[in-house]
Amino acid sequence: IGVVGSGQMGNGISQVAACSGFNVTMVDINEQFLERGIGTIRNSLGRRVSKQKMSQDDADSAISLITTSTALGGLAECDLVVEAIPEVPELKFSTFRDLDEICKPTAILASNTSSISITRIAAQTSRPAQVIGMHFMNPVPIMKLVELVRGLATSEETFATVNSTAEALGRTTVVSTDFPGFIVNRVLMPMLNEACYALHEGIASVRDIDTTMKLGTNQPMGPLELADFIGLDTVLAILNVMHEGLGEKYRPSPLLQQYVDAGFLGKKVGKGFYDYDEKRKIIL
Ligand code: NAD
(Lines give C-alpha, C1' and ligand atoms only; values in the text may rest on other atoms or scores of the structure.)
Protein backbone atom coordinates (compact mmCIF):
# COMPACT_ATOMS: atom_id res chain seq x y z
CA ILE A 1 0.00 0.00 0.00
CA GLY A 2 1.34 3.43 -0.89
CA VAL A 3 0.33 6.50 1.08
CA VAL A 4 0.87 10.01 -0.31
CA GLY A 5 1.20 12.58 2.48
CA SER A 6 2.51 11.83 5.97
CA GLY A 7 0.40 14.40 7.85
CA GLN A 8 -2.38 13.70 10.35
CA MET A 9 -4.23 11.33 8.02
CA GLY A 10 -1.36 9.87 6.02
CA ASN A 11 0.65 8.72 9.01
CA GLY A 12 -2.50 7.27 10.60
CA ILE A 13 -3.38 5.33 7.43
CA SER A 14 0.23 4.07 7.20
CA GLN A 15 0.14 2.95 10.83
CA VAL A 16 -3.12 1.05 10.46
CA ALA A 17 -1.98 -0.62 7.22
CA ALA A 18 1.36 -1.71 8.70
CA CYS A 19 -0.35 -3.01 11.87
CA SER A 20 -2.52 -5.16 9.58
CA GLY A 21 0.60 -6.67 7.97
CA PHE A 22 0.78 -4.67 4.71
CA ASN A 23 4.05 -3.33 3.35
CA VAL A 24 3.66 0.44 3.28
CA THR A 25 5.51 3.16 1.38
CA MET A 26 4.76 6.62 2.77
CA VAL A 27 5.62 9.64 0.61
CA ASP A 28 5.91 13.32 1.50
CA ILE A 29 7.62 16.33 -0.02
CA ASN A 30 10.65 16.33 2.31
CA GLU A 31 12.49 14.24 4.90
CA GLN A 32 11.50 16.51 7.76
CA PHE A 33 7.77 15.83 7.22
CA LEU A 34 8.44 12.11 6.84
CA GLU A 35 10.42 12.05 10.11
CA ARG A 36 7.57 13.85 11.85
CA GLY A 37 5.10 11.31 10.40
CA ILE A 38 7.18 8.31 11.51
CA GLY A 39 7.66 9.96 14.92
CA THR A 40 3.88 10.24 15.32
CA ILE A 41 3.48 6.56 14.41
CA ARG A 42 6.19 5.54 16.92
CA ASN A 43 4.51 7.56 19.68
CA SER A 44 1.10 6.13 18.87
CA LEU A 45 2.39 2.53 18.86
CA GLY A 46 4.37 3.25 22.06
CA ARG A 47 1.15 4.32 23.79
CA ARG A 48 -0.56 1.11 22.62
CA VAL A 49 2.32 -0.97 24.01
CA SER A 50 2.30 0.84 27.36
CA LYS A 51 -1.48 0.29 27.62
CA GLN A 52 -0.84 -3.40 26.82
CA LYS A 53 -2.99 -3.20 23.70
CA MET A 54 -0.12 -4.61 21.61
CA SER A 55 3.27 -6.24 22.21
CA GLN A 56 6.58 -4.49 21.64
CA ASP A 57 7.41 -7.15 19.02
CA ASP A 58 4.24 -6.38 17.05
CA ALA A 59 4.95 -2.64 17.26
CA ASP A 60 8.51 -3.21 16.02
CA SER A 61 7.38 -5.38 13.14
CA ALA A 62 4.73 -2.80 12.12
CA ILE A 63 7.40 -0.06 12.01
CA SER A 64 9.69 -2.34 9.99
CA LEU A 65 6.97 -2.67 7.30
CA ILE A 66 6.98 1.10 6.62
CA THR A 67 9.45 2.63 4.20
CA THR A 68 9.49 6.30 3.28
CA SER A 69 10.27 8.24 0.13
CA THR A 70 10.34 11.86 -0.99
CA ALA A 71 9.47 10.80 -4.55
CA LEU A 72 6.23 9.40 -5.94
CA GLY A 73 8.46 7.00 -7.92
CA GLY A 74 8.69 4.95 -4.71
CA LEU A 75 5.05 3.90 -5.31
CA ALA A 76 5.65 2.19 -8.68
CA GLU A 77 5.10 -1.33 -7.32
CA CYS A 78 2.13 -0.63 -5.03
CA ASP A 79 -1.21 -2.37 -5.65
CA LEU A 80 -3.19 0.37 -3.87
CA VAL A 81 -2.19 4.01 -3.35
CA VAL A 82 -4.10 6.19 -0.90
CA GLU A 83 -3.59 9.92 -1.39
CA ALA A 84 -3.79 12.08 1.77
CA ILE A 85 -2.36 15.47 0.77
CA PRO A 86 -4.06 18.85 1.50
CA GLU A 87 -7.68 19.41 0.43
CA VAL A 88 -6.75 21.58 -2.58
CA PRO A 89 -8.33 20.46 -5.87
CA GLU A 90 -5.47 21.46 -8.22
CA LEU A 91 -2.90 19.79 -5.97
CA LYS A 92 -4.87 16.54 -5.94
CA PHE A 93 -5.49 16.68 -9.71
CA SER A 94 -1.80 17.09 -10.56
CA THR A 95 -0.80 14.38 -8.06
CA PHE A 96 -3.25 11.92 -9.67
CA ARG A 97 -1.86 12.76 -13.12
CA ASP A 98 1.61 11.92 -11.77
CA LEU A 99 0.42 8.75 -10.00
CA ASP A 100 -1.22 7.59 -13.21
CA GLU A 101 2.16 7.88 -14.99
CA ILE A 102 4.15 6.21 -12.21
CA CYS A 103 1.96 3.42 -10.84
CA LYS A 104 1.62 0.04 -12.51
CA PRO A 105 -1.45 -0.31 -14.78
CA THR A 106 -3.28 -2.63 -12.37
CA ALA A 107 -2.88 -0.34 -9.35
CA ILE A 108 -5.93 1.22 -7.71
CA LEU A 109 -5.65 4.92 -6.89
CA ALA A 110 -7.72 6.04 -3.89
CA SER A 111 -8.19 9.52 -2.44
CA ASN A 112 -8.80 10.32 1.22
CA THR A 113 -10.44 13.58 0.14
CA SER A 114 -13.12 14.92 2.47
CA SER A 115 -15.17 16.60 -0.23
CA ILE A 116 -13.57 16.89 -3.68
CA SER A 117 -15.30 15.05 -6.52
CA ILE A 118 -13.90 11.57 -7.10
CA THR A 119 -15.26 11.72 -10.66
CA ARG A 120 -13.15 14.83 -11.33
CA ILE A 121 -10.06 13.31 -9.69
CA ALA A 122 -10.54 10.10 -11.71
CA ALA A 123 -10.85 12.09 -14.96
CA GLN A 124 -7.24 13.25 -14.50
CA THR A 125 -6.09 9.68 -15.07
CA SER A 126 -6.21 7.13 -17.88
CA ARG A 127 -7.80 4.61 -15.44
CA PRO A 128 -10.98 6.21 -14.02
CA ALA A 129 -12.47 2.77 -13.35
CA GLN A 130 -9.63 2.19 -10.85
CA VAL A 131 -10.10 5.43 -8.90
CA ILE A 132 -12.20 5.59 -5.73
CA GLY A 133 -12.70 7.64 -2.55
CA MET A 134 -11.38 5.98 0.61
CA HIS A 135 -12.24 8.47 3.33
CA PHE A 136 -10.70 7.53 6.67
CA MET A 137 -11.65 9.37 9.86
CA ASN A 138 -9.32 11.23 12.23
CA PRO A 139 -7.56 9.87 14.31
CA VAL A 140 -7.26 6.92 11.94
CA PRO A 141 -5.99 4.32 14.45
CA ILE A 142 -9.04 4.94 16.67
CA MET A 143 -11.88 5.72 14.29
CA LYS A 144 -13.38 2.63 12.71
CA LEU A 145 -15.24 4.16 9.77
CA VAL A 146 -14.13 4.33 6.15
CA GLU A 147 -16.51 6.10 3.83
CA LEU A 148 -16.12 4.67 0.31
CA VAL A 149 -17.03 7.00 -2.51
CA ARG A 150 -17.87 5.72 -5.97
CA GLY A 151 -16.99 8.05 -8.81
CA LEU A 152 -19.17 7.87 -11.89
CA ALA A 153 -16.66 5.54 -13.58
CA THR A 154 -15.50 3.50 -10.55
CA SER A 155 -15.76 -0.19 -11.42
CA GLU A 156 -17.45 -2.83 -9.31
CA GLU A 157 -14.13 -4.70 -9.13
CA THR A 158 -12.31 -1.64 -7.74
CA PHE A 159 -15.07 -1.12 -5.21
CA ALA A 160 -14.95 -4.77 -4.09
CA THR A 161 -11.14 -4.77 -3.73
CA VAL A 162 -11.05 -1.54 -1.74
CA ASN A 163 -13.98 -2.61 0.41
CA SER A 164 -12.25 -5.87 1.36
CA THR A 165 -8.95 -4.03 1.96
CA ALA A 166 -10.71 -1.60 4.32
CA GLU A 167 -12.17 -4.59 6.16
CA ALA A 168 -8.70 -6.19 6.34
CA LEU A 169 -7.60 -2.95 8.06
CA GLY A 170 -10.27 -3.55 10.69
CA ARG A 171 -12.58 -0.79 9.42
CA THR A 172 -16.32 -0.70 8.87
CA THR A 173 -17.31 0.74 5.50
CA VAL A 174 -20.24 2.81 4.28
CA VAL A 175 -20.86 3.85 0.68
CA SER A 176 -21.62 7.28 -0.69
CA THR A 177 -22.25 8.55 -4.18
CA ASP A 178 -20.05 11.36 -5.42
CA PHE A 179 -21.63 14.60 -4.14
CA PRO A 180 -19.73 17.36 -2.31
CA GLY A 181 -19.06 16.37 1.32
CA PHE A 182 -20.27 12.78 0.77
CA ILE A 183 -22.10 11.64 3.96
CA VAL A 184 -19.94 12.59 6.95
CA ASN A 185 -19.09 16.14 5.98
CA ARG A 186 -22.46 16.86 4.37
CA VAL A 187 -23.93 16.47 7.85
CA LEU A 188 -20.99 17.54 10.05
CA MET A 189 -19.66 20.67 8.30
CA PRO A 190 -22.86 22.76 8.57
CA MET A 191 -22.71 22.26 12.35
CA LEU A 192 -19.05 23.32 12.61
CA ASN A 193 -19.71 26.30 10.31
CA GLU A 194 -22.76 27.31 12.35
CA ALA A 195 -20.66 27.22 15.54
CA CYS A 196 -18.21 29.63 13.84
CA TYR A 197 -21.11 31.94 12.87
CA ALA A 198 -22.47 31.79 16.44
CA LEU A 199 -19.05 32.80 17.79
CA HIS A 200 -18.70 35.55 15.15
CA GLU A 201 -22.14 36.95 15.98
CA GLY A 202 -21.23 37.10 19.69
CA ILE A 203 -23.93 34.63 20.71
CA ALA A 204 -21.60 32.85 23.12
CA SER A 205 -17.93 32.24 23.94
CA VAL A 206 -15.83 29.39 22.51
CA ARG A 207 -16.06 27.57 25.82
CA ASP A 208 -19.82 27.99 26.15
CA ILE A 209 -20.56 26.89 22.58
CA ASP A 210 -18.48 23.76 23.06
CA THR A 211 -19.75 23.01 26.59
CA THR A 212 -23.33 23.39 25.35
CA MET A 213 -22.86 20.89 22.56
CA LYS A 214 -20.92 18.45 24.76
CA LEU A 215 -23.21 18.42 27.77
CA GLY A 216 -26.40 19.41 25.97
CA THR A 217 -26.22 17.05 23.00
CA ASN A 218 -23.83 14.41 24.34
CA GLN A 219 -21.03 14.88 21.82
CA PRO A 220 -17.53 13.90 22.96
CA MET A 221 -16.02 17.15 21.61
CA GLY A 222 -17.56 20.57 21.04
CA PRO A 223 -17.75 21.79 17.40
CA LEU A 224 -15.00 24.41 17.76
CA GLU A 225 -12.63 21.93 19.41
CA LEU A 226 -13.45 19.44 16.66
CA ALA A 227 -12.77 22.07 13.97
CA ASP A 228 -9.37 22.75 15.60
CA PHE A 229 -8.73 19.02 15.68
CA ILE A 230 -9.55 18.52 11.98
CA GLY A 231 -7.52 21.62 11.00
CA LEU A 232 -9.24 24.94 10.21
CA ASP A 233 -7.62 24.99 6.74
CA THR A 234 -9.19 21.61 6.01
CA VAL A 235 -12.60 22.70 7.38
CA LEU A 236 -12.50 25.84 5.22
CA ALA A 237 -11.44 23.88 2.13
CA ILE A 238 -14.28 21.39 2.59
CA LEU A 239 -16.84 24.17 3.08
CA ASN A 240 -15.56 25.94 -0.04
CA VAL A 241 -16.11 22.76 -2.09
CA MET A 242 -19.60 22.34 -0.61
CA HIS A 243 -20.43 26.03 -1.14
CA GLU A 244 -19.35 25.83 -4.77
CA GLY A 245 -21.12 22.54 -5.41
CA LEU A 246 -24.26 22.79 -3.28
CA GLY A 247 -25.00 26.49 -2.82
CA GLU A 248 -25.39 29.37 -0.43
CA LYS A 249 -26.25 27.59 2.80
CA TYR A 250 -22.72 26.15 2.95
CA ARG A 251 -20.90 29.52 2.67
CA PRO A 252 -17.93 29.41 5.11
CA SER A 253 -18.10 31.78 8.08
CA PRO A 254 -15.91 34.89 7.55
CA LEU A 255 -14.42 34.29 10.99
CA LEU A 256 -13.21 30.84 9.90
CA GLN A 257 -11.63 32.44 6.81
CA GLN A 258 -9.91 35.00 9.06
CA TYR A 259 -8.45 32.35 11.36
CA VAL A 260 -7.02 30.52 8.36
CA ASP A 261 -5.65 33.79 6.91
CA ALA A 262 -3.93 34.40 10.26
CA GLY A 263 -2.34 30.95 10.19
CA PHE A 264 -4.38 29.83 13.22
CA LEU A 265 -5.00 26.38 11.74
CA GLY A 266 -5.90 24.58 14.98
CA LYS A 267 -4.27 21.90 17.06
CA LYS A 268 -1.64 20.93 14.45
CA VAL A 269 -0.01 24.39 14.70
CA GLY A 270 -0.74 25.00 18.41
CA LYS A 271 -3.37 27.73 17.84
CA GLY A 272 -6.91 27.83 16.55
CA PHE A 273 -10.08 28.61 18.51
CA TYR A 274 -8.03 27.30 21.46
CA ASP A 275 -4.33 27.58 22.34
CA TYR A 276 -2.38 24.32 22.77
CA ASP A 277 0.72 23.50 24.81
CA GLU A 278 3.69 21.53 23.42
CA LYS A 279 1.89 18.26 24.26
CA ARG A 280 -1.05 19.48 22.17
CA LYS A 281 -3.34 19.83 25.17
CA ILE A 282 -5.72 22.78 25.31
CA ILE A 283 -4.44 25.64 27.51
CA LEU A 284 -7.47 26.72 29.51
P1 NAD B 1 -2.07 17.60 6.87
O2 NAD B 1 -1.86 19.03 6.55
O3 NAD B 1 -1.91 17.12 8.27
O4 NAD B 1 -1.08 16.67 5.94
C5 NAD B 1 -0.92 16.82 4.57
C6 NAD B 1 0.47 16.28 4.21
O7 NAD B 1 0.60 16.21 2.79
C8 NAD B 1 1.61 17.17 4.73
O9 NAD B 1 2.56 16.38 5.44
C10 NAD B 1 2.21 17.74 3.44
O11 NAD B 1 3.61 17.99 3.53
C12 NAD B 1 1.91 16.61 2.45
N13 NAD B 1 1.94 17.02 1.05
C14 NAD B 1 1.57 18.20 0.50
N15 NAD B 1 1.74 18.18 -0.83
C16 NAD B 1 2.25 16.95 -1.14
C17 NAD B 1 2.64 16.33 -2.35
N18 NAD B 1 2.53 16.94 -3.51
N19 NAD B 1 3.13 15.06 -2.28
C20 NAD B 1 3.25 14.41 -1.11
N21 NAD B 1 2.88 14.97 0.08
C22 NAD B 1 2.38 16.22 0.07
O23 NAD B 1 -3.54 17.24 6.31
P24 NAD B 1 -4.50 16.04 6.78
O25 NAD B 1 -5.35 16.52 7.93
O26 NAD B 1 -3.70 14.80 6.91
O27 NAD B 1 -5.47 15.96 5.51
C28 NAD B 1 -5.09 15.24 4.33
C29 NAD B 1 -6.33 14.87 3.53
O30 NAD B 1 -7.18 14.06 4.34
C31 NAD B 1 -7.18 16.04 3.05
O32 NAD B 1 -7.73 15.73 1.80
C33 NAD B 1 -8.29 16.11 4.11
O34 NAD B 1 -9.46 16.70 3.62
C35 NAD B 1 -8.49 14.63 4.40
N36 NAD B 1 -9.07 14.33 5.71
C37 NAD B 1 -8.72 15.03 6.80
C38 NAD B 1 -9.31 14.73 8.04
C39 NAD B 1 -8.93 15.49 9.27
O40 NAD B 1 -9.66 15.39 10.29
N41 NAD B 1 -7.85 16.25 9.28
C42 NAD B 1 -10.24 13.69 8.13
C43 NAD B 1 -10.56 12.95 6.99
C44 NAD B 1 -9.97 13.29 5.77
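Is Arg251 buried, exposed or partly exposed? In this predicted model, Arg251 is partly exposed, with a relative accessible area of 38%. Its partner is Glu248. The two residues form a salt bridge, and their closest N and O atoms are 2.7 Å apart. Glu248 counts as exposed, because its relative accessibility of 52% is over the 50% cut-off.

Side chains of opposite charge can pair when their charged atoms come close. A search of the whole structure finds nine salt bridges. One of them joins the side chains of Asp79 and Lys104, at 2.7 Å from N to O. Asp79 lies in the loop between strand 3 (66-69) and strand 4 (80-83). Lys104 lies in the loop between helix 4 (89-102) and strand 5 (108-111). The pair therefore ties together parts that are 25 residues apart in sequence. Asp79 is exposed, with a relative accessible area of 52%. Lys104 is partly exposed, at 24% relative accessible area.

A further salt bridge joins the side chains of Lys92 and Glu83, at 2.5 Å from N to O. Both Lys92 and Glu83 are buried. These residues also belong to a network of salt bridges that links Glu83, Glu87 and Lys92.

The patch is positive and is formed by Arg47, Arg48, Lys51, Lys53, Lys144, Lys279 and Lys281. Lys279 is placed in the loop between strand 9 (275-276) and strand 10 (282-283). Lys279 is exposed, with a relative accessible area of 69%. Arg280 sits in the loop between strand 9 and strand 10. Arg280 has a positive phi of about 60°, although it is not a glycine. Arg280 is partly exposed, and its relative accessible area is 43%.

Asn218 likewise calls for attention to its backbone. Asn218 is not a glycine, yet its phi is positive, at about 60°. The residue lies in the loop between helix 8 (206-217) and helix 9 (223-230). Asn218 is exposed, with 70% relative accessible area.

The next backbone feature is a cis bond. The peptide bond from Asn138 to Pro139 is cis, and its omega is near -5°. Pro139 is placed in the loop between strand 6 (131-136) and strand 7 (145-150). Met143 lies in the loop between strand 6 and strand 7. Met143 is partly exposed, at 36% relative accessible area. The C-alpha atoms of Met143 and Thr172 are 9.5 Å apart in space. In sequence, Met143 and Thr172 are 29 residues apart.

Helix 1 covers residues 8-19 and has twelve residues. From its first C-alpha to its last, helix 1 reaches 17 Å. This span is close to the 16 Å expected at 1.5 Å a residue. Helix 1 is mostly covered, with ten of its twelve residues buried. The buried residues in helix 1 are Met9, Gly10, Asn11, Gly12, Ile13, Ser14, Gln15, Val16, Ala17 and Ala18. Just after helix 1, Gly21 takes a positive phi of about 95°.

Helix 10 comprises residues 232-246, and Glu244 is placed in it. Glu244 is exposed, with a relative accessible area of 70%. The C-alpha atoms of Glu244 and Pro180 are separated by 8.8 Å. Along the chain, Glu244 and Pro180 are 64 residues apart.

How values were computed:
Residues are numbered from 1 along each chain as its sequence is written. This is a predicted model: local features need pLDDT of at least 70, side-chain atom pairs count only at pLDDT 80 or more; totals for chains, interfaces and linings use all residues. Side-chain values use heavy atoms; hydrogens and water are left out. Patches are made of residues with over 30% relative accessible area and no salt bridge: like charges are joined within 9 Å, nonpolar side chains (Val, Leu, Ile, Met, Phe, Trp, Tyr) within 5 Å. Accessible areas come from the Shrake-Rupley method with a 1.4 Å probe; for residues, only the protein chains shown count as cover. A salt bridge is a side-chain nitrogen of Lys or Arg within 4 Å of a carboxyl oxygen of Asp or Glu. Lys and Arg count as positive and Asp and Glu as negative; His and the chain ends are not counted. The place of a charge is taken as NZ of Lys, CZ of Arg, CG of Asp or CD of Glu. Helices (H or I, at least four residues) and strands (E, at least two) are DSSP runs, numbered from the N terminus. Buried means under 20% relative accessible area, exposed over 50%, partly exposed in between (1.4 Å probe, protein chains only). The expected span of a helix is 1.5 Å times one less than its number of residues.
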